[in-house]
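Hi,

Here is the structure I said I would pass on.

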Amino acid sequence: MRGYARLLAVILACVLIIAGCSSNNNGNNAGNAQPSGNAANAPGDTDGKGTGGETGERDLSPITFTMFSADLNPNYENMQSPVGQEITKRTGVTLNIEYPVGDIKQKISLMAASGDYPDLIFAKGDQNILVDAGAFIDLTDLIEEHGPNLKKLYGPYLKRLRYSKDDPSIYFVGSFGVDAQQWQPNNGFQLQHAAVKEAGYPSIKTLQDYEKVIKDYIEKNPTIDGQPAIGLSLIADDWRYLISVTNPAVFATGGPDDGEWYVDPQTHKAALHHTRPEEKEYFRWLNHMNDIGLLDKESFIQKYDQYQAKISSGRVVGLIDAKWQYEQAELALRQEGKLDRMYGMYPVTMNENVKYADFQSAGYSAGWGIGISSTAKDPVRAIQFLDWLASEEAQILNNWGIEGVHYTIHDGKRVISDEEMNKRTTDPEYGKKTGIGVYTYPFPQYGDGVLDSTGQTYTINSKEQIAKNYTDVEKEVLSKYGAQMWMDLYPAADEFPVKPWGAAWQINIPQETDAAVQMQRISDIIKKRIPEAILAKPDQFDAVWDSFMSDIQREGLDQLTEEFNGLLQERLELWND
Amino acid sequence: MQLQLKAETIERKKRNSWRKIVQQRYLLLMSLPFVVWLFIFHYLPLWGWTMAFQRYRPGRSFFEQDWVGFTNFVQLFSDERFYLVLRNTVAMSFMALIVGYTVPIIFALLLNEIRLITFKRTMQTISYLPHFVSWVIVAGIVTKMLSTEGGPINELLMALNIIDQPIQFMAKGEWFWWIVTLSDMWKETGWNSIIFLAAIAGIDPEQYEAATVDGAGRFRRMWHVTLPGIRPTIFIMLILSIGWLMSIGFEKQFLLGNPMVQDYAEVIDLYVLNYGINLGRYSYGTAIGIFNSLVSITLLLSSNYIFKRLTKESVI
């Protein structure tokens, strides 16, 4: 019954949209016919002649911008915090941000269908839906005229902000920190410190090393805290199988994170990464792990909360996952004082010759960002606001807080007192109370490690700060490997070339094309067939794998690959001309 | 003469109906807002069905859309996956219909026989409470219960020596339909029995007395008095639920499903979401919607017709 109601709602929405569109026609058409025209230019011209935007003399009269952000920020405080109020004071802007409840793509699809946009939109991976609907205005001229700070921030990457070769407009300003340095591995093979300690800190480089540590530990300790120990647990709940099941196959075979794709660094040809023969061997290894009983039987059934509960009970010896996915559960272990049960991250690969590419740089990832909608009240004020956020003044305010309150200046250096720092790291409500960090991501921002005009970092993060946060056990384990930080175990960024295509997972396959449908079908097959192959009897693995390959072949893999390569080629040309 | 008479009767009839309208003007006026409401919210949206024959793209006016005829329907009916989800949907709704329909009746009959009023009330309240628990939580409970890691069901079976290895209930595709149906039964039995209990309460007690005098025992009374007494309710509920067969929603399947049982868990609504709306194929989604509605209407009308012939009970 509810399903029917929902269907009706969708149909109704669609009808309203059609009605809405016909009445809105003129406005929309103008925007569509000339993507770089009208809305963007008209106010720009008047402003250019009138108030003189170039001198930085800005309109501070109060204005409220509505905004949609696809990334939920639980710290959003309606701009009522000290930092939030300070921003309003300095710019006149109040932001009214709406966050998604439920499925983001659905929300954005409906937004596009209704043509009812907030002033600012951050649509994450689904912005192509909005671009196709003509929801964004071209920011190129606005940035040229009103965006000195944005130009400085993005520098040579400004051209990466362009949408496509056919439509070189800039629709959004990139969200990720520019020139960010990576100090922590994102992915890896995780082992409990206790297991590594008991094994006598062996070299952990290959799948076999990794397996041995788990196997030996389980043999000696069949139970942990009275409950049966689990060798290796994976999580495949909904989309999470990408993170814990399929992505690690790329990493273990030396590929960087390009989503479902592997791009050959020489030829720049992309292939669906699961089709690489090396990866078949990785999955064969997982099949073997299942065969010898080390793989958690519930790996492909459990829900995310069960997975987290298992980890925080401390009885899972090994994980293969992204840090951010098990971080929360690990924190619970830390709070309970089970420091031995927390995890170290190891760059495990198929064999000694393969380099784990977690630190390979994608250059600046410009794919996501905030755009100004075609129905925005005052695009000039909006771009000025975004520009102001990119300024040194705003960056310091957003990262460090208010001078004299959240930090002080000693000898020209910003210093955060120990007491304040303690609050920052331990109070989960700190962001909400102070507003610090609320207006950084997804707004334009400098990355970690970038220096301001006084030679200090814009963000408060530093290598030292991360190392300071390690537990004693972590420090001990690291010292046995002759390392200061987990990143020291990984091949360093300078061992890899910068990927000229950025991150391939940010390349969107256009909606409503055959390729999009093929991608969906193939993903459905992958999601089902890979667990099947892993859980098969070892002598049946090849048969299952072959039928998996022929299944995706039948769904039009070649056509999809070709389509994607076209997009990739376009991106390469767009970014590197 | 006859002609004149006929004309007169027609004339009188006309006058009669006009008089009726005048007589009932307030009643008619009062129902007008609802007719308008019905029209706006249930008939106007049908205009959106035109989308199924377009390659609909948002942000364009009706006249700028590309018209593609039946392409979307051809695509739909040539997709193997569609038949798979159709099979799952129909299978699960039939199971839900049979279980979710007979069990509440039996439950209501049994509950009605209980003499102790406080016990009966408590039972009723307890049994319908799960209805208010969201599927998210129910799915959590079910997966926990059936877990191989200390799930109570597996523990019990192991303790009774029925099995020697925990069973992976959630990983068996063929069992998925049963798991969904049974959890649905747990959740909705009490709630669905309310209407039958209400109907039972409306039966004239004298009929029971008469039956008792005639020497009917408990089961006889149930069979000859209670069941015939709630027969109209039973059939109307049945006809209505047949109309909803295609629209079973996707919460339970989505929340209880996992990659291992995907081929049994995907239902039409989820298919619409994954292959329609999420890919920006609004037209395709609408085509499925139309198909769904047509099937539902056909089911409703034909079941109504059959029951009308067989039992003289009907909703229309």
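How many residues does the contact take from chain A and from chain B? It takes 51 residues from chain A and 55 residues from chain B, where contact means heavy atoms within 4.5 Å.

Before going on, some housekeeping. This is a predicted model, so to speak of local features we need pLDDT of at least 70, and side-chain atom pairs count only at pLDDT 80 or more, while totals for chains, interfaces and linings use all residues. Residues are numbered from 1 along each chain as its sequence is written, chains are lettered from A and ligands numbered from 1 in the order in which they are written, and side-chain values use heavy atoms, with hydrogens and water left out.

Back to the two chains. About 4700 Å² is buried between chain A and chain B, with carbon and sulfur atoms giving 57% of that; this is the accessible area (1.4 Å probe) that two parts lose on being put together, summed over both. There are three salt bridges between chain A and chain B (a side-chain nitrogen of Lys or Arg within 4 Å of a carboxyl oxygen of Asp or Glu). R521(A) and D79(B) meet through their side chains in a salt bridge, at 2.8 Å from N to O. On the side of chain A that touches chain B, the elements giving two or more residues are helix 1 (2–33), helix 4 (104–114), helix 12 (304–312) and helix 20 (514–535) of chain A. Helices (H or I, at least four residues) and strands (E, at least two) are DSSP runs, numbered from the N terminus. Helix 1 of chain A has the largest share of that side, 19 residues.

Now the sheet. Chain A has an open sheet of five strands in the order 2-1-3-13-4, with mixed pairing (two strands pair if DSSP finds at least two bridges between them). Strand 2 (93–98) and strand 4 (173–174) of chain A stand at the edges with a single partner strand each, so one side of each has no neighbour in the sheet. Strand 1 (residues 63–69) of chain A pairs with strand 2 of chain A in the parallel sense, over six bridges, and V93(A) in strand 2 is the bridge partner of I63(A).

A few backbone details to finish. The peptide bond from Y441(A) to P442(A) is cis, with omega near 0°, and P442(A) lies in the loop between helix 17 (430–434) and helix 18 (463–468) of chain A. K124(A) is not a glycine, yet has a positive phi of about 55°.

Cheers
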